[in-house]
Amino acid sequence: MKFAWINPNGTWKDRKEAIIDALESGFEYIMDFDNADTIKELGNVNIISDKDNADITLVGYNEKTTIQDIRKAQSTGKEVAAYIEINNKEDEKLASEFGTVADYIILKGKNWKVIPLENIIASLQKESSKIIVDVPNYEEAKLALETMEVGSDGVLLSSNDGDQIRKLGKLIEAVSQEKYELQKATVTKIQSVGIGDRVCVDTCSMMEIGEGMLVGSYSSGLFLIHSETLESEYVASRPFRVNAGPVHAYVMTPENKTRYLCELEAGDEIITINSEGLAKKAIVGRVKIEKRPLLLIEAEYDNVKLRTLVQNAETIRLVNDNKQPVSVSDLKVGDTVLAYFSPEARHFGMAIEEDILEK
């Protein structure tokens, strides 16, 4: 996932306004050397600096640093960000060396834009270190994040400009969207199965028509269960809610991981996904588990079978092949619905390469 840190400068008044803009734009990492305690009174943030009270220890910002300095800083148990200015080929090589040790490397280039960054990205593609580029504005942030298609992992915006900060916040949200390839699965079975514990997931986000969550009984495939964005003669619209399914079902969460529905609680992250397969992070606000009549739905795609159970009610909807919500009360064998198919098995919610039989 792409990310951004903010490095405000100037007087404390100027920095304070920039930090507030950053917090309101969703940023949680601030570089500051003087006001860590005061900044944390403004919100729950992480401080990057060379001070003892830093959450991430910074080395090399005002002086040259070495591999030994990085290792020494890591001995405290905190993550370490190594800052290096790139002026020549030797600096470029040194940055690649730092990337084999530091948790983050922050690159500052005065006379370059892309080529050294491309080289460093290529040299560190198998390392766990995150590459960050120190940029003065939104335009250079966008360039850094898109270099070589992969781009840097993050950017450090050294600016107090509220407009730039807010634009960057929107960019980070856009480039961090995951994409799931949805397929058209043919419904092969619909069966009422009796009473069970079903889960409603209320989020802190408003969903639109065509948007919902990926839910299912099998790790091999998850149905797109539509949100309650549509009104009916029985209930009002609840666009923040997905009546997702029974307690045992998987639900997709960020970075292609899954959780059981019954595990979710307020504050957890899940993803909402639209009919184009574009996903957004959402925060769980509340989970309701209640006994309700359940309906078994089975579908197939390319000889792969998937199943899920949903509440047997007309307000529960899937999404059909025309990308329109369809009530389970109107669903018939032979209809096609959108689903996500995964070739991997799941171990504690993470995708793994393993043969597994689910039925």
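The model is predicted: local features need pLDDT of at least 70, side-chain atom pairs count only at pLDDT 80 or more, and totals for chains, interfaces and linings use all residues. Residues are numbered from 1 along each chain as its sequence is written, and side-chain values use heavy atoms, with hydrogens and water left out.

**Confidence.** The protein chain averages a pLDDT (the predictor's confidence in each residue, from 0 to 100) of 89. A score of at least 70 is reached by 93% of the residues. The pLDDT is below 50 over residues 345-349, a stretch with 18 contacts beyond near neighbours in sequence. It is also below 50 over residues 351-355, with nine such contacts. Contact means heavy atoms within 4.5 Å.

**Helix packing.** Helices (H or I, at least four residues) and strands (E, at least two) are DSSP runs, numbered from the N terminus. Axes are lines fitted to C-alpha atoms, for helices over the stretch in contact; angles run from 0 to 180 degrees between N-to-C directions.

| Pair | Angle | Axis distance |
|---|---|---|
| H1 (residues 12-24) and H7 (residues 162-175) | about 20° | 9 Å |
| H6 (residues 138-146) and H7 | roughly 20° | within 9 Å |

H6 is therefore roughly parallel (angles under 35 degrees) to H7. H6 passes H7 in a right-handed crossing, meaning that the near helix is turned clockwise from the far one by less than a right angle. On H6, the contact uses Tyr-138, Glu-139, Ala-141, Lys-142 and Leu-145. On H7, it uses Gln-164, Lys-167, Leu-168, Leu-171 and Ile-172.

H1 and H7 are roughly parallel too. Their crossing is right-handed. Ala-18, Asp-21 and Ala-22 of H1 meet Gly-162, Ile-165 and Arg-166 of H7.

**Salt bridges.** The whole structure holds 19 salt bridges. The term means a side-chain nitrogen of Lys or Arg within 4 Å of a carboxyl oxygen of Asp or Glu. One joins Lys-40 and Asp-55, with the closest N and O atoms 2.9 Å apart. This pair links distant parts of the chain, 15 residues apart. Lys-40 sits in helix H2 (residues 36-42). Asp-55 lies in the loop between strand E3 (46-49) and strand E4 (56-59).

Key:
Parallel < 35°, antiparallel > 145°, perpendicular 65-115°, else oblique.
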